[in-house]
Amino acid sequence: MYWNKDIECMPREKLQALQLKRLADSFQRALSSPFYKEHFASGKIKSISSLDDLEKLPFTTKDDLRRAFPHGLVCVPIEETVRLHSSSGTTGNPTVVYHTKNDLDIWADLMARSLYMAGARKEDVFQNMMGYGLFTGGLGLHYGAEKLGMLTIPIGPGNTHRQIWFLQQFHTTIAHILPSYALRLAAALRDANLESGKDTRLKMVIVGAEPHTEGVRRKIEELLGVKAFNCYGLSEMCGPGVAFECEHQNGLHLWEDHFFMEIVDPETGKRLPDGEEGELVLTTLIREAMPVFRYRTRDITSIIPEPCLCGRTHRRISRIKGRDDDMLIINGVNVFPMQIEKVLMSISGVGTNYIIEVKKQNYMDKLTVKVEIHEELFTGTLEGLEKLELDIERQLKDEILFTPVVKLVEPNAIPVVQGKVKRVIDLRQTD
Ligand SMILES: [Zn+2]
């Protein structure tokens, strides 16, 4: 049941003592990077002697990482690093994260631990449908799956026909997949008259990289006949493997022997108590090449204080509600796209593809939700469709506190994109 029981079930006091020792060492190591030498110079402390000392240190942001381009945060000689990953830089410098050989070994072990926790075993066949390359999703899971001992297929994303062929030929049991792509794969299997579970042996999917609701997870499980597990990570920490669900699928265990977590108020930066929702702030505890302190992830979540039934002592975070940057402000009201998805997925007859459009009309923000519905509904009466539209509008209003415009469209009316799906089109800046 456990990859490493001593660590996963370590008593809290012992775990905290381990965190403190690692944090203190990491602090000293970080001082040999040009960035942290300067960043910490203004701080009130010269060493860390308690976990509370961390709060006295300034945050690190994505902009800090950009400013430190290309290797201002690296605290080992560059020749000791063996790999870098980089974010797509749409504005300014990209962020770059470096790893030593040891960092990569530790990351693979964390991934293996996470996959094992979800139920993966060495007899499984793992088809990795995530992008390889600078994005950490592909290589991160890849090395974890190999470390666990699974037969690993580095197929990468896209080409659904080929994915299905591989699923069948190699008896794949576990796939790593974007949630939006899992829904498309399910539709493609259905179109090919193939039954998941009968014509394929897929039993589990690992979903990550796109925020999605519980409703989408349940839909993936139902359509593919699998268990779907959430995986959380970010390249600034290592990549996937920071937190992962156990068999109870009730929050994600965040590996506290590797990361120190805080939840802060996104406005004031003040630390919030367990159970309260806020921004996740993470500190690496044993990274060699590039320790990062108090990183503002922009991800909104909360710590689940209750212990988990599985016996692991590493605390859980709740499903990521969305990125702070994803939040839309519509005529002064805060709306997360995930709130809209949650409502849509709870309505029967509603398909899996939707898009949210925001524009200005008479100086007011107008939010329109276009959503695909099942084919059979289009053969019904016009009144029936109008009634469904109104019904969805009413349910959305209960969630987001104002009434959006809902437009029902036929299946496949919304164009499918390769890679990460974009659910929001905000046209306000260009009006
Ligand atoms: Zn658990």
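## Terms and model

Two strands pair if DSSP finds at least two bridges between them. Strands (E, at least two residues) and helices (H or I, at least four) are DSSP runs, numbered from the N terminus. This is a predicted model: local features need pLDDT of at least 70, side-chain atom pairs count only at pLDDT 80 or more, and totals for chains, interfaces and linings use all residues. Residues are numbered from 1 along each chain as its sequence is written, and side-chain values use heavy atoms, with hydrogens and water left out.

## The sheet

Nine strands form an open sheet with mixed pairing, in the order β4-β3-β5-β6-β7-β8-β9-β14-β13. β4 (151-153) and β13 (303-304) stand at the edges; each has a single partner strand, so one side of each is left without a neighbour in the sheet.

Strand β3 (residues 125-128) runs parallel to β4, joined by 3 bridges. Phe126 has Thr152 of β4 as its bridge partner.

## Two domains

The domain assignment (automatic or from a database) gives domain 1 (1-324) and domain 2 (327-426). Their centres, taken over C-alpha atoms, are 30 Å apart.

## The interface

Domain 1 and domain 2 bury about 1400 Å² between them, 62% of it on carbon and sulfur atoms. Buried area is the accessible area (1.4 Å probe) that two parts lose on being put together, summed over both. Arg184, Lys219 and Lys321 supply 33% of the area that domain 1 buries against domain 2, more than any other three residues.

In contact (heavy atoms within 4.5 Å) are 20 residues of domain 1 and 16 residues of domain 2.
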